[in-house]
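Reader: I am new to this structure and would like to understand the words used to describe it. Could you take me through them step by step?

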Amino acid sequence: MRSVTNPYALVLLTGFLFLTIFAFGQSPYLGGPADGYASQKARIVAISPDWARVYPSPVQRGEHIQLYASGDLSGLVVELFDAQGRLLLRRQWIAWSTDRSMKIGTAELASGCYLLRVYDPERTFSQKVIVWDE
């Protein structure tokens with residue numbers, strides 16, 4: 001994947017990040033309340049409902065994004081989109097699996113902002129995931 005160098009794309013990405021912060025309520029990075037919890041490095045790792053958890057975010061490129069879900073997992077779909085809205089990954093949770101977690105690799109992703117969406121016919125969860133490279 002290529003990195004973003006187009007100035008118009010950077011403006012769109014900045015706008016996306018700004019709107020995302022206010023769409024989910026006050027940002028814990030701005031000192032406001034959050035429906036999440038912090039990791040040992042004191043960064044927010046989840047702003048999610050009670051049935052899904054995604055961490056870490058930000059994630060270093062090459063590490064895995066870990067997704068946990070509870071309840072009935074039959075029909076649960078996991079999708080990952082880039083900042084331009086392109087679908088990069090689509091997985092369906094195996095209905096007969098007893099495993100409540102899924103790992104998503106980041107080795108082939110460029111540094112940047114992504115949207116992880118988890119949904120089934122009755123519920124939807126979306127979270128911004130940031131991939132960074134040292």
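**Reading the model**

Author: Gladly! The chain has one helix and 10 strands. Along the sequence the pattern is α-β-β-β-β-β-β-β-β-β-β. Please keep in mind that this is a predicted model.

Reader: What makes Leu67 count as buried or exposed?

Author: Buried means under 20% relative accessible area. Leu67 has a relative accessible area of 0%, so Leu67 is buried. This residue lies in strand 5, which covers residues 64-69. Leaving aside neighbours within four places in sequence, Leu67 is in contact with Arg53, Val54, Val78, Trp93, Arg100, Ser101, Met102 and Val118. In the chain of 134 residues, 35% count as buried.

Reader: What makes Tyr55 and Tyr68 an aromatic pair, and which kind of pair is it?

Author: Rings pair if their centres lie within 6.5 Å, and planes under 30 degrees apart count as stacked. The rings of Tyr55 and Tyr68 are 6.0 Å apart, centre to centre, with 10° between the planes, so they form an aromatic pair that is stacked. By this rule the count comes to one aromatic pair. The pair links distant parts of the chain, with Tyr55 in strand 3 and Tyr68 in strand 5, 13 residues apart.

Reader: Why is Tyr55 called partly exposed, and why is Tyr68 called that too?

Author: Buried is under 20% and exposed is over 50%, with partly exposed in between. Tyr55 has 29% relative accessibility, so Tyr55 counts as partly exposed. Tyr68 has 35% relative accessibility, so Tyr68 counts as partly exposed.

Reader: How do you know that strand 3 and strand 5 pair?

Author: Two strands pair if at least two bridges are found between them. Four bridges join strand 3 to strand 5, so these strands pair, and they run antiparallel. Arg53, for instance, has Tyr68 in strand 5 as its bridge partner.

Reader: Which residues of strand 3 are on its covered face, and which are on its uncovered one?

Author: Ala52 and Val54 make up the covered face, while Arg53 and Tyr55 make up the uncovered one. In a regular strand the side chains alternate between the two faces of the sheet.

Reader: What makes strand 6 and strand 9 a pair?

Author: The same rule applies: at least two bridges are needed. Strand 6 (residues 77-81) and strand 9 (residues 112-120) have five bridges, so they pair, in the antiparallel sense. Val77 stands opposite Tyr119 in strand 9.

Reader: In what order do the five strands of the open sheet come, and which are the edge strands?

Author: The order is 4-10-9-6-7, and the pairing is mixed. Strand 4 (59-60) and strand 7 (87-92) are the edge strands, as each pairs on one side only.

Reader: Which residues have the most contacts inside the largest nonpolar core?

Author: The largest nonpolar core has 23 residues, and those with the most contacts inside it are Val54, Leu76, Val78, Trp93, Leu116 and Val118. At least two residues of this core come from each of strand 3 (52-55), strand 5, strand 6, strand 8 (101-105), strand 9 and strand 10 (123-132). As for Leu76, not counting residues up to four places away in sequence, its contacts include Trp51, Ala69, Trp93 and Val118.

Definitions and conventions
Residues are numbered from 1 along each chain as its sequence is written. This is a predicted model: local features need pLDDT of at least 70, side-chain atom pairs count only at pLDDT 80 or more; totals for chains, interfaces and linings use all residues. Side-chain values use heavy atoms; hydrogens and water are left out. Buried means under 20% relative accessible area, exposed over 50%, partly exposed in between (1.4 Å probe, protein chains only). Contact means heavy atoms within 4.5 Å. A nonpolar core is a set of buried Ala, Val, Leu, Ile, Met, Phe, Trp, Tyr and Cys residues joined through side-chain atoms within 4.5 Å. Rings of Phe, Tyr and Trp (its six-membered ring) pair if their centres lie within 6.5 Å; planes under 30 degrees apart count as stacked, over 60 as edge-to-face and the rest as tilted.
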